[in-house]
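These notebook entries record what I looked up in one protein structure.

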Amino acid sequence: MAFNPDLYLKAQREKGDESARARGFDPDAYLGKVGAERGNIINTDVPTVVGSRPNAVNPQPTQPSRTLPDYAKALYEVPAAMLTSVPSALAYGYVPSGSSPEVRQAAEERAAKYQYTPRSPVSQDVLQTVGEALTDAKIPPFIPVLGTTARATQQARQISPIPSFAASTVEKAKPAVNRLADALREQDVPRLSGVGAAEVPDVQNRIALAQGLRVPVPLRKGQATRELGQQQFEAEMAKTYPKDVGRPIIESSLNQNDRILLNFDAFVDATGAQKAGEFNLREVGKVVDSALVNEANRVKKKITDLYTVAREKGETQEPVSYASLKTYIEQQTPTVRTKLAPILDAVDEQIKLNDPKGTGAISINQIEDIFQFINKNYDPTDAVANVHVRAMKDAINAATEGKGGEYYQTARAMRAKYAREFENVGYIDKLLSKKAGTTDRAVALEDVFDHSIVKGSLDDVRAIGRTLKKAGPEGEQAWRELQGQTIEQMKAAVTKSIQRDETGNPIVSPKQFDTFVKNLDADGKLDYIFGKKGAQEIRDLRDTAITVYSPVAGINQSNTASALTQALDRIRGSALSKLPMGIGSLYEVGAEMATKKKLGKQVQEAVDFDPKALSKELKKGK
């Protein structure tokens with residue numbers, strides 16, 4: 001069965017376990033097995049999640065637009081409709097259930113003459129909601145208009161005048177309503193202010209970027225559009241109504257955080273690493289060390305075998321001059337030779353032991369022995385010693401250039417190549433070396449990753465990468481471990497804050513994420529470690545994290561939904577809430593229910609945002 005990220009995320013929340021692998025994450029089922037070709041370790045042929053998309057837009061029925069005047073009219077139309085409902089009900093009278101259509105129609109016409117029917121769609125929404133609330137509460141409907149059918153409402157609209165006392169209510173309420181409407185206009189922010197047609201491609205790109213990740217991350221409307229008012233609305237809903245209206249926003253944030261964390265796990269699995277982990281630095285160091293040591297020993301054995309053949313054939317008995325080596329040593333001051341780089345005097349002693357008579361020449365065998373003596377007795381961590389060791393080795397190589405026979409020259413060429421790869425490259429040499437005079441490693445196993453990837457320059461990382469990649473299956477796996485550990489360290493860096501969401505998962509820090517990526521990107525290490533496509537995937541995840549976790553900076557403004565909430569508060573404190581026969585209370589309940597219903601719809605539209613809907617809004621001039 002294909003892996004379903006939605007079911008998985010639901011199950012892992014119920015378990016409450018922070019570790020994706022501990023929660024039963026099956027990378028093989030989810031990502032498919034990684035192919036054998038490792039030129040780009042995070043392979044582009046690893047499938048992304050398919051199937052149900054969390055932000056798929058379900059077609060919604062078209063609703064008539066609501067304007068601010070519509071909301072303002074509701075403040076007098078709803079009370080007028082409620083006040084006229086009682087005389088309307090009396091005029092309707094008692095009509096037996098078996099009455100003919102003509103009798104029922106006559107009763108409806110009588111009632112319509114006394115019933116004020118609102119024109120504003122907002123007023124109709126409020127009255128319908130109050131009617132539904134009364135029905136749900138099993139309260140006998142004494143306001144006929146609340147339960148009328150569309151046909152009856154249309155009839156009433158066409159034939160009913162405004163009763164005189166309802167007209168009086170309307171006229172008295174209009175001045176206050178107009179003032180309220182003006183206040184709302186001052187506070188209101190257009191639904192998509194700041195998002196023009198030219199910015200729609202940016203919105204689409206953000207969504208495409210987030211959906212193109214290995215574990216897609218659905219963006220909300222405010223995140224995708226980066227529109228201040230919309231983001232403020234989403235934040236207010238989550239804070240004001242965390243248990244009902246704003247709950248989808250909270251669930252969306254939890255889902256996004258889960259999916260971003262899962263992308264790190266998906267990256268690690270794509271590299272093919274098996275030992276990588278936040279607390280597995282020593283294990284990764286062992287794998288890398290073993291691969292380097294075994295590769296170095298393999299090459300050294302080939303060299304040794306060739307030297308053996310050369311000796312057996314007598315090719316290494318030829319005398320060579322050591323004059324250039326002797327001259328270099330004698331040019332150094334006594335302080336340098338005895339204190340700063342004592343390896344110089346040690347080599348001078350070896351020359352005297354091999355040529356006690358001072359003839360100026362020794363055999364190839366003897367000068368090769370001196371070369372090996374240097375390797376065994378200098379401290380690779382000593383920068384001063386390194387300079388002089390390199391100069392002495394160059395002098396020996398110059399002395400043996402073109403000497404000996406075919407096998408010796410082949411062994412010598414191979415030895416020079418080994419030196420360039422394992423000795424002259426300080427980072428690799430240090431990984432293979434011991435501390436001077438001890439059996440301790442120059443680089444502790446738990447520091448191998450840091451030494452190989454974090455602290456090294458691009459050239460250092462390339463040197464280690466080249467050596468491992470050509471060291472056979474063991475070296476290739478070691479390189480994968482370094483890649484996987486890089487992702488693990490990245491994940492640890494971006495989640496090191498103590499902040500946790502309500503499911504217990506760490507919350508990603510976009511700032512730390514950006515810093516980590518930029519540090520690797522500064523000299524091109526990110527591209528080299530993961531290949532251009534893999535590095536871009538990581539940048540895409542970083543950019544999506546910034547979109548999700550970094551709200552737009554600006555003035556804290558309220559949009560239409562917030563203005564409606566403020567209007568509701570004003571109603572509660574106004575004379576409208578003191579209308580007789582409980583009408584004021586019903587109006588307040590209905591207005592609040594209608595407001596929440598509208599807010600809930602806006603919240604769902606924000607969670608299920610589709611940029612195509614934005615394009616349509618802009619075309620309509622909204």
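**Entry 1. Helix 23 and helix 24**

I looked up the handedness of the crossing of helix 23 and helix 24, and it is right-handed. The model in which I read this is a predicted one. Helix 24 covers residues 510-521, and it packs against helix 23 at an angle of about 145 degrees. The axes of the two helices are 8 Å apart. I then listed the residues that make the contact. Helix 23 contributes T486, Q489, M490, A493 and V494, while helix 24 contributes Q512, F513, F516 and L520.

**Entry 2. Helix 13 and helix 23**

I next followed helix 23, residues 472-494, to its packing with helix 13. Here the angle is about 150 degrees and the axes are 9 Å apart. Helix 13 is therefore roughly antiparallel to helix 23. The crossing in which helix 13 passes helix 23 is left-handed.

Which residues meet in this pair? From helix 13 I noted L281, V284, V287, V288, S290, A291 and N294. From helix 23 I noted E474, G475, A478, E481, L482, Q485 and Q489. I also marked Q489 in the contact of helix 23 with helix 24.

**Entry 3. Helix 14 and helix 18**

I recorded one further pair. Helix 14 spans residues 323-330 and helix 18 spans residues 383-400. Their axes come within 8 Å and cross at roughly 155 degrees. The two helices are therefore roughly antiparallel to each other, since an angle over 145 degrees counts as such. Helix 14 passes helix 18 in a right-handed crossing. On the side of helix 14, the contact is made by S324, L325, Y328 and I329. On the side of helix 18, it is made by V387, H388, A391, M392, A395 and I396.

**Entry 4. The nonpolar cores**

How many residues does the largest nonpolar core have? I found 84 residues in it. Those with the most contacts inside this core are V347, M392, L468, L482 and F513. Helix 13, residues 281-312, gives the most to the core, with 11 residues.

I then examined L468, setting aside its neighbours within four places in sequence. L468 is in contact with V288, A291, L292, G475, E476, A478, W479 and L482.

I looked up V78 and P79, and found V78 in helix 3 and P79 in helix 3, residues 68-92. Is V78 buried or exposed? At 0% relative accessibility, V78 counts as buried. P79 has 1% relative accessibility and therefore counts as buried.

P121 belongs to helix 5, residues 121-136. Its relative accessibility is 18%, so P121 also counts as buried, the cut-off being under 20%.

I then compared sequence separation with C-alpha distance:

- V78 and V122 are 44 residues apart along the chain, and their C-alpha atoms are separated by 9.3 Å.
- P79 and Y116 are 37 residues apart in sequence, with 9.7 Å from C-alpha to C-alpha.
- P121 and D70 are 51 residues apart along the chain, and their C-alpha atoms are separated by 6.8 Å.

**Entry 5. Two partly exposed residues**

K300 is in helix 13. At 38% relative accessibility, K300 counts as partly exposed. K300 and A411 are 111 residues apart in sequence, and 9.8 Å apart in space from C-alpha to C-alpha.

R226 lies in the loop between helix 10 (221-225) and helix 11 (228-240). R226 has a positive phi of about 55 degrees, although it is not a glycine. With 26% relative accessibility, R226 counts as partly exposed.

**Entry 6. The whole protein**

Finally, I noted the totals. The protein has 28 helices and 2 strands. Of its 622 residues, 48% are buried. Its accessible surface comes to about 30,500 Å², and 54% of this belongs to carbon and sulfur atoms. Among contacts between residues at least 6 apart in sequence, 77% join residues at least 24 apart.

Definitions and conventions:
Residues numbered from 1 in each chain as written. Predicted model: local features only at pLDDT ≥ 70, side-chain atom pairs only at ≥ 80, totals over all residues. Heavy atoms only, no water. Core = buried A, V, L, I, M, F, W, Y, C linked by side-chain atoms within 4.5 Å. Buried < 20%, exposed > 50% of the residue type's maximum accessible area, 1.4 Å probe, protein only. Helix = DSSP H or I, 4+ residues; strand = E, 2+ residues; numbered from the N terminus. Contact = heavy atoms within 4.5 Å. Areas by Shrake-Rupley, 256 points an atom, 1.4 Å probe, with all protein chains shown as cover. Axes fitted to C-alpha atoms, helices over the stretch in contact; angles between N-to-C directions. Parallel < 35°, antiparallel > 145°, perpendicular 65-115°, else oblique. Left-handed = near helix turned anticlockwise from the far one by under 90°.
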